[in-house]
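Student: Could you walk me through this structure?
Tutor: Gladly; let's take it piece by piece.

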Amino acid sequence: MTTYSFRLYVAGTTERSKAAEANLRFLCDERLAGACEVEVVDVAERPDLAEEGRVLATPTVVRLAPPPVLRVVGDLSDHGRAAAALGLPAAPGPPEERL
Amino acid sequence: MTMDGSTAIERVPTGIDGFDHVALGGLPARRSTLVSGTTGSGKTVFAVEFLARGILCFDEPGVFVTFEEAPAGIRLNSASLGFPIERWEDEGRWAFVDASDVLTDEAPAVGAYDFGGLAARVTYAVRRTGARRVVLDSLGALFARFADAAVVRRELLKITLGLQALGVTSVVTAERPGEYDGVTRHGVEPFVMDNVVVLRNALRRGRRSRTLEIVKFRGAAHRTGEWIFTIDPAEGIVLVPPAFLAASTGGRASTVRVSSGNAGLDEMCGGGLYRDAVVLVSGPTGMGKTLTALRFAATAAESGERCLICTFDETREQLLRDAGGWGLDLRAMEASGLLRVVSGYPEVASPEDHFLRIRRSIEEFAPTRLVVDTLSSLERVVSQRALLDFVIALGALLRRDEITTLLTAAPTGHAVPAGVSAVTMEIAGLADVWIMLRYAERAGEARRAVTVLRARGSAHDHRIREFTIDGGGMRIGEPLNGVPHVSTGNADPTALWPPSARATDRPPG
């Protein structure tokens, strides 16, 4: 099974940052059965990485692997749209219950 | 700073030619100023200059946050203005925060977000360079990229507050939909509304005319109204009249007299012209204005001094030929390095560019005399107000350098019978000496008449004298008696007639 790799840029330990991380981890468990790596970068601590990644909005999630590289902005609160935007496989079970 | 509420707002001089004069010192310190304008109005140039002149003139590092143009393009466009941005980047005095990346354009938004990434990057760049100045250029691109305008406005407000907390002075640029509607396209104004500068690039009388207006500076004084500016390929933004006014040292007045080039005129003016005088010679075509101007120029060369002639009526060749007809060898004067002729029809450049060209010629050539023949030609391409600004501005520079100046004016358009147009009247009010040439009717004959209507600081001849023109030039003759005084329209008569003149010419009662 392909291992997915994500980098999540957040700004400080705010509610929004926590929500984004929780939502991303939830999607990893649900759609990828945990076969994923999540690296969280706090731009307040590592502005150099924010600069390098050209991050404007936070939270921003970047799918580093597998290719193509995809970016999504926001706290990923809409799981269905977030999964689609990040190119994750379909969720098990009837989709209408999940949307 | 005082505690009684009359706190003077501290200013940060931009270093932009003429702007600080209009802004009475510069932009409000540690605040954001919105610079808005339509596409091509010069917003980015203003922003680039604010940072670059900060480094050049005040040794203040800067951060350029670009949302639109890539840094490579900005570096390239700035090189022609003599701003070595790349070198400054290497020296750690200039940093880009590149938010122009198209990568982020395509990122869809799912759920709530803020601009924490941008804020962190700007803060990082400011700390890294020790920046005192920050530019955000331009907000329009952000609104195009993020669908929720309310979020963008809220986040931009946070960023500007963050910049204030960092103690930096910033310029934020934004688009305007039209020259005279609203301040910005996206309702950006509420969050930086404290300080607003509008750049315009409007079509006026069929020509592009750039103006700058300070719409508001919160709690800070500034000059009002639209100021004409140009974007010079080498000098950047130059606000024309203030750029000249800034050169004025004021107060000083020369007591040295020089010759006008005509002994009769010198006598009428009370013994020659003061060295720092601005002289207006008005009269209809064919009266001898250009002849007077050329004699004035030749006198400089004869005494080993330099004269600059700017002619808007003729080509250089035509002027040389006409001068030859009066026995003046301008070519020889040019060859000796004592004369320079700058010619060009008014229509070939904007009035602001004419100003700059004259100023540059004055700086390069350092003349002791200047001739502008005729000022009226500029009326074809410039508004009356702009022409007056031109004269005021030129006058300030010329007085500082004690350059004796002769301006000629001919009636254009709706001239009053005496041959003095409204704008000439206004210009005359600014000149130190006003010599009027006109036709006077006497015994059924049209005679040429000369009057010195004004000669500031001199006891001059108030009589109307006849004059003739022959191969030797203008010869001033006897007073013409019985000729009615000049009709001067509806202007304030006190501006025309010094008290002494009224006393002499009009017997009491």
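**The sheet of chain A**

Student: In what order do the 4 strands of the open sheet in chain A stand?
Tutor: Strands here are DSSP runs (E, at least two residues) and helices are H or I runs of at least four, numbered from the N terminus. Two strands pair if DSSP finds at least two bridges between them. Pairing in this open sheet is mixed, and the order is S2-S1-S3-S4 (chain A).

Student: Why is one side of strand S2 and of strand S4 of chain A left without a neighbour in the sheet?
Tutor: Strand S2 (36-42) and strand S4 (70-73) of chain A stand at the edges, so each has a single partner strand.

Student: How should I read the model and its numbering?
Tutor: This is a predicted model: local features need pLDDT of at least 70, side-chain atom pairs count only at pLDDT 80 or more, and totals for chains, interfaces and linings use all residues. Residues are numbered from 1 along each chain as its sequence is written, chains are lettered from A and ligands numbered from 1 in the order in which they are written, and side-chain values use heavy atoms, leaving out hydrogens and water.

Student: Which residue in S3(A) stands opposite Leu8(A)?
Tutor: Strand S1 (residues 4-10) and strand S3 (residues 60-65) of chain A run antiparallel, joined by 5 bridges. Opposite Leu8(A) stands Val61(A).

Student: Is Met425(B) buried or exposed?
Tutor: Met425(B) lies in helix H16 (residues 422-430) of chain B. Buried means under 20% relative accessible area, exposed over 50%, and partly exposed in between (1.4 Å probe, protein chains only). Met425(B) has 14% relative accessibility, so it counts as buried.
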